[in-house]
Amino acid sequence: MAVDKIGQATYAVQGVYIQGTGSVVGPKEGQGPLGQQFDRVWKDERAGQATFEKAEQALLIESYDEALKKAQKRWEDIELVVGGDLLDQIITTNFSARQHGRPTLGLFSACATFTEALAVGALLIGGNGPKTVLASAASHHQTAERQFRFPVELGYQRTPTTAWTATAAGAVVLSEDVGPLAIEAVTVGRVVDIGGKDPNDMGSAMAPAAFDTISQHLQDTGQEPGDFDKIYTGDLGHFGIKMLIEYAAQKGLQFGDELDDCGRSLYNQATQDTHNGGSGPGCSASVFAGPLARRLVRGDWDRILLVATGALFSPTTYQQGETIPCVAHAVAIKAVRGAGQ
C-alpha cells in the first residue's frame, strides 16, 4: 500500500482494491436503459417505509448489504464507513449509521459525494489507516424535490435544463485485500464558481468544475483522455456534457468517444421525461456500482475515470441570491484480471 502525491492535486494509490459493489435504484431508474444492470430495483419509491426520508435510508442500507455480500464481508469487518447524501445534516448517512453501528465519516460534496467518498477511503487505506472501508452515496427523488425545489404535488413546470434527482444508492467495499477492481489515482477538485444562479440548470454550472478537475488529473498524471476507455462525469446531463465539450475545446482539450455522463445514461430522454437527465449523489454512485463496475469486471474496459460533479448550494443561499459554487472529484479505476467479483 502506498499513496504518493503527483502534480498539484492528484494522489497515486497502490494496493487499494474494490472488493464488492452494491447498487439499488427506484422504479423509474429500473425502467431506464441501465435497469437490468443494477443489483436491486424497487417496485415503488417508498418500499413500505412510512416516509420518503426513511425510504432513502433503506435504499442506502440495501446497497451496503449488496456490497458486503459480494465482498464476502460482515459488518464487523468494516473499520470505517464514509459517505453522504443531499439531505440536511446528511441524515440518510447518519441515521443509517444507527443500524450498522460502525465508525462513520459523513461527507458532503452534493452530487460529487461518491467520488469524494472513494477518494477519502482510498487515501486512508493507502496511508496505512483502516484496512477496510465502505464508501457510499445515496439520494431519493422525492426527498430532494421537497428540500431543494417544490413539493411534487404542486405539479410545477420543469424547465428543459432541469435534472431529475435519482432514487438510487451505491456502495463499494474498499480494502487492501486484492479485489476485481483497483483504485489507481484520485484528484481532489477545487471549488469553481462561474456565477450561475439557476438551480434548474446545474449541469451548466458544474461543467467548468468538471473540466477543471479532469484537466488537472490529466496534467498531473501526464495522460490524455484517450488513455481511458471511458471518462464518466457524474450528472452534467445532456446539456452539461455538451457545455463541457465546448468549454474544453476552447481550452485546447479534445474529447472523443470516451467521454460520457452517468446522468444522461440513467434514463431514456425520449420516453421518461427527465429533461436534462439524472442527478443526485446516488446517480453516479449507482451507475458506477452497477453498470460501470460490471463492464470493467467482465473485460469490456480496462480503465475508467469517474468524475462526479456537485453543485454546492442550499435553499437558503439560493433565496439570498448567491451564485452556485461547484466541485468535481476524480477517481481512476482499473480492472484487475483474474480477481472476479
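The buried residues of helix 7 (residues under 20% relative accessible area, with over 50% counting as exposed and the range in between as partly exposed, for a 1.4 Å probe and protein chains only) pack against helix 6 (202-221), strand 11 (230-233), strand 12 (259-261) and helix 8 (262-266). Helices (H or I, at least four residues) and strands (E, at least two) are DSSP runs, numbered from the N terminus. The model is a predicted one, in which local features need pLDDT of at least 70 and side-chain atom pairs count only at pLDDT 80 or more, while totals for chains, interfaces and linings use all residues. Residues are numbered from 1 along each chain as its sequence is written, and side-chain values use heavy atoms, with hydrogens and water left out.

Helix 7 itself covers residues 237-250, and its 14 residues reach 20 Å from the first C-alpha to the last. This is close to the 20 Å expected at 1.5 Å a residue, the expected span being 1.5 Å times one less than the number of residues. The buried positions of helix 7 are Gly237, His238, Gly240, Ile241, Leu244 and Ala248. Just after the helix, Gly252 adopts a positive phi of about 90 degrees.

Strand 3 (residues 17-25) is largely enclosed by the rest of the structure, because nine of its nine residues are buried. Pairing of two strands requires that DSSP find at least two bridges between them. With strand 9 (residues 168-175), strand 3 pairs in the antiparallel sense over eight bridges, and Ser23 has Gly170 of strand 9 as its bridge partner. Strand 10 (residues 181-187) also runs antiparallel to strand 3 and is joined to it by two bridges; here the partner of Ile18 is Leu181. Strand 4 (residues 40-41), by contrast, pairs with strand 3 in the parallel sense, over two bridges, and Val24 has Arg40 as its bridge partner there.

The interior may be followed through its nonpolar cores, each a set of buried Ala, Val, Leu, Ile, Met, Phe, Trp, Tyr and Cys residues joined through side-chain atoms within 4.5 Å. The largest such core has 43 residues, of which Leu174, Ile183, Phe288, Leu292 and Ile333 touch the most other members. Helix 9 (residues 281-297) supplies the largest share of this core, seven residues. A second, separate core of 33 residues includes Ile214, Ile231, Val307 and Ala332. Ile183 is in contact (heavy atoms within 4.5 Å) with Val13, Val16, Ile18, Ala122, Leu174, Val331, Ala332 and Ile333, not counting residues up to four places away in sequence.

The structure also holds four aromatic pairs. Rings of Phe, Tyr and Trp (its six-membered ring) pair if their centres lie within 6.5 Å; planes under 30 degrees apart count as stacked, over 60 as edge-to-face and the rest as tilted. The rings of Phe114 and Phe288 form a tilted pair, because their centres are 6.0 Å apart and their planes stand at 40 degrees. Phe114 lies in helix 4 (residues 113-126) and Phe288 in helix 9, so the pair ties together parts that are 174 residues apart in sequence. Phe114 is buried, with a relative accessible area of 0%, and Phe288 likewise counts as buried at 0%. The rings of Tyr232 and Trp301 are also tilted, because their centres are 6.1 Å apart and their planes at 45 degrees. This pair links Tyr232 in strand 11 with Trp301 in the loop between helix 9 and strand 14 (303-311), 69 residues apart. Both Tyr232 and Trp301 are buried.
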